[in-house]
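Please keep the sequence and the 3D view at hand while reading.

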Amino acid sequence: MPTVASALKTVTLQIDGREIVAQEGDTVLEAALSVGIDIPRLCHDPRLKPVGACRLCVVEIEGQHGLLTSCTMEVAEGMVVETETDQLAAKRKTVLELILDDHRVTCPTCDKNGDCALMDYSYRYQADQFAFGGFTPAPCEPNFATGNKAIAFDPQLCITCGRCVRICDEVVMASALTFKQRASSVEVTTPFDMPLNETSCVLCGLCISTCPTGAMYDRAALGQGQMKDLEKIQTVCPYCGVGCTMELNVNRETNRIVRVTAPEGSVPNDGNLCVKGKFGFEYVHSDERLTTPLIKENGEFREATWDEALELAGRRLRELRDQHGAAAVAFLSSSRCTNEENYLMQKLARTAGGTNNVDQCATTCHAPTVAGLASTFGSGAMTNAIDEIKDVDTLFIIGSNPTAAHPIIGLEMKKALAKGAKMVVCDPRKTWVAEHADIHIQHKPGTDNMLINAMLHHIIEQELHDPEFVESRCENFDAFRANLEGSSVEQAAEVCGVPADLIRSAAELYAAGDPSSIFYTLGITEHTSGTENVQNLANLAMLCGQIGKRSSGVNPLRGQNNVQGSCDMGAMPGDYPGYQKVADELVRTKFAEAWGLEMPTNKGGVVTDFIDQAGDGVLRGFYVFGEDPVLSEPNQAKVIANLENLEFLVCQEIFMSETAKLADVILPATSFAEKEGTFTNTERRVQRVRKAVEPPGQAKPDWEIICLMSTAMGHPMAYGDAGEIFDEMASLTPSYGGMSYDRIDDVGLQWPCPTPDHPGTGFLHEGQFTRGLGAFKEITFREAAELPDDDYPYILSTGRTLYNYNIGNMSQKSGAIRQKQSKAFVEMHKSDADRIGVANDDLVTVATRRGEVTVRAVVGDRTRPGALWMPFHFVDQPTNRITNDAFDDVTRTAEYKVCAAMVAKG
Amino acid sequence: MAPVDHGHAIPLLQKIQDTYGYLPREVLLELSAETGIPAAHLFGLATFYAQFHLEEHGRHTVRVCRGTACHVRGRQIIQDAIDEELGIGPGETTEDRRYSLETVACVGTCFLAPVVMVDHDYFGKVDPNKVGEIMGGYE
């Protein structure tokens with residue numbers, strides 16, 4: 001990897017009479033833009049390789065013949081550049097007039113009006129649209145985008161700059177678009193003019209984001225407001241944990257989000273979005289939003305006033321707490337909601353609620369990460385920054401499908417691949433990264449530790465490890481090594497069902513990477529051995545010294561927009577904000593003093609405990625905020641029966657979720673677009689969430705509702721705004737101590753950030769682990785809780801698709817997404833399908849010991865023979881009806897990735 | 001099959017066209033799946049180069065050269081004679097799919113002008129009277 005010093009070689013040149021210091025390798029255009037000299041350009045996008053096609057960015061360079069395209073010309077020492085001369089203006093005017101001859105000028109009705117590069121430059125150079133005769137209208141439909149609900153294309157507005165084709169190829173690597181024909185007949189289209197949704201298009205809309213005119217546009221935004229009349233509110237995407245910066249383009253007259261864009265160079269997404277960020281916002285304006293408080297009477301909900309609902313909910317929870325103690329009430333906080341709200345929810349649980357029974361959905365997904373990495377490194381979070389991924393030499397991806405579940409991190413990995421990175425993927429399924437990997441280990445679901453132990457064994461045997469790192473930075477190595485003595489690559493090959501040489505090569509490639517970095521997701525954590533799996537990945541990184549430096553570490557990709565933040569905020573039974581331990585009396589005293597109440601000392605439980613305890617009658621009152629355990633927890637029938645056993649259930653929700661249907665009181669809440677706050681993304685970056693539109697009906701921001709609930713429970717709580725909550729939290733949370741809304745206004749800050757002058761932390765564990773020495777753990781392979789047998793011969797795993805998100809109640813409100821994917825399915829191997837007579841698209845029943853669902857079969861070779869894979873996004877055939885409620889020993893995270901199942905046609 | 005260098009796309013397309021007489025859509029999609037070359041790239045190439053056909057084509061391709069040398073040696077007269085003999089114009093295919101007719105910018109054998117090619121065979125110094133004989137030579 002190039003060192004920072006060598007990358008900073010500078011060149012001094014003169015542009016328009018100004019002396020400019022640029023970096024070697026920069027183009028003249030980049031140097032000019034860096035100081036605000038706006039050279040006109042139409043085919044340029046900083047995300048793309050320059051092609052010099054549009055000829056607008058031409059400049060004069062002293063001593064060089066003719067006009068040169070500044071986007072392809074590299075800076076040189078002493079270069080003298082002119083960017084605006086009479087000659088250049090005349091040339092540009094002609095170029096624009098030629099373009100306008102091929103462009104239908106529809107500015108009065110074009111959505112792009114107000115943000116159109118062609119319009120701006122035509123005005124700047126006073127180009128005449130009729131200089132070469134003028135555009136002759138031609139039929140533009142049907143084309144490849146006709147009927148697509150996400151992306152629309154008007155070839156009459158297309159200036160064939162090629163940006164959409166190139167971004168689809170170079171950045172997304174989807175290659176759904178191409179030019180057809182040549183010369184004046186050139187047109188953007190798909191292969192064989194196929195409809196977009198039948199191609200490799202992933203509906204990310206980057207073609208729209210790069211289009212300099214209105215040729216590619218958001219179908220649903222047509223006529224909803226021109227760019228010049230919309231207000232852009234910068235905020236953070238509400239879907240996955242990548243935390244993309246986005247702009248909600250709001251029409252103030254209609255109080256509606258018209259479209260979503262991302263600013264150029266945004267952090268961490270570099271101006272990119274995925275299908276969910278781009279097209280998944282319709283839920284905000286859905287007719288199904290809850291708009292008034294509801295109280296259930298005689299089994300039916302009736303509308304209620306806020307006062308009534310709060311009085312009833314507050315009184316009942318308080319009564320249950322007073323009568324039955326700290327174990328009788330529990331609070332489920334929300335990884336979907338802001339840090340401020342999570343902070344308040346755990347504060348409410350521990351003050352008005354008098355209990356440590358508080359949790360959020362990390363238990364469902366990444367709790368083993370928090371536990372596993374805290375016990376080995378001392379910090380349970382992604383060790384590196386997203387921005388560092390592009391410089392990784394060997395990507396080691398295990399149990400993670402980044403291009404689907406964390407698409408923008410997928411794009412960063414694609415940047416690394418474009419720079420020549422090697423990639424090892426361990427995944428039972430053929431994902432995009434698996435298909436593009438140098439080595440794909442398609443091991444049996446649930447055999448991860450057998451595989452990792454074999455790699456560790458091989459690395460030690462071949463002396464490929466980093467003895468100096470192990471010696472100086474880690475502890476417990478001898479016991480760890482002794483534990484591996486029974487391992488062998490051959491045995492792992494047998495158990496995992498993969499060739500032994502592949503395991504060896506993967507280990508060698510990882511050990512040799514300069515640097516290597518591990519990425520994992522729920523394929524590692526959602527097992528009964530989840531915490532051990534995570535610890536074993538920590539072992540691998542420590543053994544090879546592949547951690548504690550830029551672009552190298554152990555990187556759990558967090559699933560929900562604010563699951564990192566909700567953990568950071570202490571919405572967990574054993575932790576206060578900043579992972580300060582409840583078990584520590586000094587910590588309890590600190591919070592007792594800050595909050596003015598004695599702190600509870602009960603151990604508390606997690607969501608899977610709450611559900612069991614509701615069934616046992618121990619838990620009586622439950623306050624569920626922005627989560628839907630009926631759909632997200634395993635073994636649905638049991639979850640429903642147990643929740644029905646509660647004496648009182650309060651749900652704070654934006655939709656009538658399956659859990660809310662069981663509630664006694666429902667409090668209507670707000671979406672991310674209707675409130676202020678912060679989210680913390682997977683790379684520990686704390687970013688501002690901003691209000692863009694008014695909430696529907698009587699819905700209130702969640703932090704306000706929590707304050708009102710606390711007050712109704714007898715412990716008054718009030719804040720003037722979300723910023724006040726943040727400041728209180730920061731004052732009590734060392735890792736957030738240096739942050740304020742002012743400091744995180746633009747690109748946020750990565751924790752730890754302990755003081756107001758601290759710049760934040762890109763990567764963790766430099767020089768020393770958070771816990772001091774890194775702790776090797778002795779991990780022994782354990783089989784999954786439920787293995788295939790004669791009755792249930794397949795292994796079923798569940799996961800997320802690109803197009804949908806978790807329980808689907810947000811993503812499925814989008815017409816564009818529904819058009820692409822609206823039904824549950826099961827992927828199965830062709831050999832299995834042939835044997836039981838199932839063809840692609842047939843309806844099949846997938847059954848386990850807990851129930852059955854009927855879904856479409858997707859037959860192919862994505863899964864291993866004997867393995868099934870299902871998404872869990874669809875309410876009508878809920879996959880969690882059949883998943884196994886067997887849990888990780890440490891964190892009680894369910895084994896969603898392995899259970900025994902059978903499939904039958906029909 | 002391992003990913004194929006995208007630089008091999010054109011020779012692959014030529015082989016497919018030699019086999020099928022044109023580039024059938026299903027075959028290109030199969031080629032894309034097997035080689036990892038995106039279908040979009042194959043389609044872009046296939047429509048960019050005049051030599052490739054995406055529609056079903058004649059069993060034999062007649063190419064009439066319209067380069068400068070052929071032009072001054074009377075290629076238009078040859079073209080008219082062929083058009084009349086086959087009953088089709090450039091870019092068309094005979095009803096019996098025996099011949100497709102094309103014009104090309106130059107076949108690089110100017111010393112033979114005017115030149116006509118049928119498949120891979122060259123016919124030099126063609127005069128209108130030879131056209132019937134040439135066209136009779138292919139089934």
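How many bridges join β25(A) to β26(A), and do these strands run parallel or antiparallel? The two strands run parallel, and 5 bridges join them. The model in which they are found is predicted.

**The sheet of chain A**

β25(A) and β26(A) belong to an open sheet of 7 strands with mixed pairing, in the order β14-β13-β27-β26-β25-β15-β16 of chain A. At its edges stand β14 (300-303) and β16 (358-359) of chain A; each has a single partner strand, so one side of each is left without a neighbour in the sheet. Strands of a sheet pair through backbone hydrogen bonds, in either a parallel or an antiparallel manner.

| Strand pair | Sense | Bridges |
|---|---|---|
| β25(A) and β26(A) | parallel | 5 bridges |
| β26(A) and β27(A) | parallel | 4 bridges |
| β13(A) and β27(A) | antiparallel | 2 bridges |

Individual residues can be located within these pairs. V624(A) has C651(A) in β26(A) as its bridge partner. E653(A) stands opposite P668(A) in β27(A), while L294(A) has I666(A) of β27(A) as its bridge partner.

Why is strand β26 (residues 648-653) of chain A described as largely enclosed by the rest of the structure? The reason is that 5 of its 6 residues are buried.

**Domains of chain A**

Chain A is divided into domain 1 (9-84), domain 2 (134-285), domain 3 (294-365 + 562-750), domain 4 (383-548) and domain 5 (794-905). The C-alpha centres of domain 3 and domain 5 of chain A lie 30 Å apart. Their contact takes 17 residues from domain 3 of chain A and 18 residues from domain 5 of chain A.

Which helices supply at least two residues each to the side of domain 3 of chain A that touches domain 5 of chain A? They are α23 (607-616), α24 (629-632) and α25 (636-644) of chain A. The largest share of this side, 3 residues, comes from α25(A). By residue type, the side of domain 3 of chain A that touches domain 5 of chain A divides into 5 nonpolar, 7 polar and 5 charged residues.

A482(A) has its place in helix α16 (residues 477-483) of chain A. A482(A) and E778(A) are 296 residues apart in sequence, yet their C-alpha atoms are 8.5 Å apart in space.

**Chain B and the complex**

12 residues of chain A are in contact with 9 residues of chain B. The side of chain A that touches chain B divides into 5 nonpolar, 5 polar and 2 charged residues. For the complex, the predictor gives an ipTM of 0.89 and a pTM of 0.93.

The mean pLDDT of chain B is 90, and 96% of its residues reach 70 or more. Where pLDDT is low, the predicted coordinates should not be read in detail.

Methods. Residues are numbered from 1 along each chain as its sequence is written. Chains are lettered from A and ligands numbered from 1 in the order in which they are written. This is a predicted model: local features need pLDDT of at least 70, side-chain atom pairs count only at pLDDT 80 or more; totals for chains, interfaces and linings use all residues. Domain bounds come from an automatic or database domain assignment. Two residues are in contact if their C-beta atoms, placed from the backbone, lie within 7 Å. Ala, Val, Leu, Ile, Met, Phe, Trp, Tyr, Cys and Pro count as nonpolar, Asp, Glu, Lys and Arg as charged, and the others, Gly among them, as polar. Two strands pair if DSSP finds at least two bridges between them. pLDDT is the predictor's confidence in each residue, from 0 to 100. A residue is buried if 20 or more other C-beta atoms lie within 10 Å of its own, exposed if 12 or fewer, and partly exposed in between; C-beta atoms are placed from the backbone.
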